Amino acid sequence: MDLYEYQGKQLFALHGIPVSEGRFAASPEAARAAAEELGGEVVVKAQVLTGGRGKAGGIKLAATPDETEARAREILGLDIRGHVVSKLWIERASEIAKEYYLSITFDRGEKKPLFMFTTQGGIDIEEVAEQTPEALVRLHVDPLEGFQPWQARRLVYGAGVADPSEQKQIAAIVAKLYDAFVGTDAMLCEINPLIVTPEGEVKALDSKFTVDDNALYKHPEIAEMRDVAAADPLEALAREKGVTYVKLDGDVGILGNGAGLVMSTLDVIALVGGKPANFCDLGGGGDAEGVVDALEVITRDEQVKAIFFNIFGGITRCDEVARGILTALERMPIAHPIVVRLDGTNAEEGRTILAEAGIANIHPETTMLDGARRAVELAR
Ligand code: GDP
Ligand code: MN
């Protein structure tokens, strides 16, 4: 789950990382009120779940409450890479002497958290990595050993920060960022830019914060930060029902058990000239309740013209899935053609159950390829 800048900064502040004072605003009037409360110059910042807001005109300085209201009016409704701005963060403006970059994420190859730090902040880190790779200091943390203070010093010295006060402040921020990363089960915490003010104060001017969805149950206060309005309504419904669902662009709804089988099914649909409408994984269960939930999510997608059930029974029993399909059809009318391929544990029983039910829009097939062909045909 990606957090907005202002939410990430709240978590930074909770972990003792210095940030500027600010206020949330969703209207020009609220922006003005925020500026009045904060006093002095402020920066009006678009809150969207994408980067590059500065370049897109989503970040503007304002000297007075009047100006703040005017800038807010300009930024609200702005389209930044497909994200329409409806939220603002009004922050006390900072003077910037230097812009650094600091992040921590996972290095999947090394199976360790990875810090990256450079004094060439403010710009895209990909650019730094490409043009001046020597300026980017990378450092892994052994998750069992935990973070060690010398690691912060290595980052700071490695990047050539010479000022002792800056060194000390950055080292402290590095340690706190590690606590924030581990403490929130984050997958990414990025500060770009990490600024030094003309007075020599170091603070986080931006935040990019991604928390592991699978750990949200441990962090109800972060789970609450999710912006339901920004999420795809079907994906929100799926999440609520505990169904693994990814919306795609075609017209054949896919239901399989297990991510590997579902991915192969997407391939086979493409092979026979079709386009999957989604990726929907029942997981290892595939009991009636799960089937009902998944069908409910899939049939709400208006692009879906046919549904392909591709089940390989291992732990999942095909008779159970067949009963789930019938239960779902009893509970809600489904007009879509449903192609069902059952194989593996109790496949015979499953097929018999479906055949005996004699439902017109259920089309049994015995192989994945035939099932895919049939589904694509029926979606036309
Ligand atoms: P991003 O473009 O989405 O990464 O948004 P940032 O929050 O990083 O802001 C982009 C740029 O706007 C920063 O690199 C700064 O140069 C500038 N900026 C942001 N906040 C302030 C501020 O308080 N004062 C000044 N002078 N510039 C700011
Ligand atoms: Mn930034």
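In this predicted model, the structure holds 29 salt bridges. Side chains of opposite charge can pair when their charged atoms come close. One of these contacts is formed by the side chains of Arg73 and Glu29, with a distance of 3.6 Å from N to O. The two partners belong to distant parts of the chain: Arg73 is found in helix H3 (residues 65-75), whereas Glu29 is found in helix H2 (residues 28-38), and 44 residues separate them. Arg73 has a relative accessibility of 48% and is therefore classed as partly exposed. Glu29, with a value of 46%, is likewise partly exposed.

A further salt bridge connects Glu296 with Lys241, whose closest N and O atoms are 3.4 Å apart. Because Glu296 is part of helix H10 (residues 288-299) and Lys241 is part of helix H8 (residues 233-241), this pair ties together parts that are 55 residues apart in sequence. Lys241 is partly exposed, since its relative accessibility is 29%.

Arg374 and Glu365 also form a salt bridge, and here the closest N and O atoms lie 2.7 Å from each other. The two residues fall into separate accessibility classes. Arg374, at 28% relative accessibility, counts as partly exposed. Glu365, at 16%, counts as buried, because the buried class comprises residues under 20% relative accessible area.

Asn192 has a relative accessibility of 14% and so counts as buried. Asp206 is buried as well, its relative accessible area being 19%.

Charged residues also gather on the surface. A patch of negative charge there is made up of Glu41, Glu67, Glu95, Glu199 and Glu201. Among them, Glu201 is placed in the loop between E11 and E12. The relative accessibility of Glu201 is 38%, and this residue therefore counts as partly exposed.

How values were computed: Residues numbered from 1 in each chain as written. Chains lettered and ligands numbered in written order. Predicted model: local features only at pLDDT ≥ 70, side-chain atom pairs only at ≥ 80, totals over all residues. Heavy atoms only, no water. Buried < 20%, exposed > 50% of the residue type's maximum accessible area, 1.4 Å probe, protein only. Patch = residues over 30% accessible without salt bridge, like charges linked within 9 Å, V, L, I, M, F, W, Y side chains within 5 Å. Areas by Shrake-Rupley, 256 points an atom, 1.4 Å probe, with all protein chains shown as cover. Salt bridge = Lys/Arg side-chain N within 4 Å of Asp/Glu carboxyl O. Lys, Arg positive; Asp, Glu negative; His and termini not counted. Charge placed at Lys NZ, Arg CZ, Asp CG, Glu CD. Helix = DSSP H or I, 4+ residues; strand = E, 2+ residues; numbered from the N terminus.
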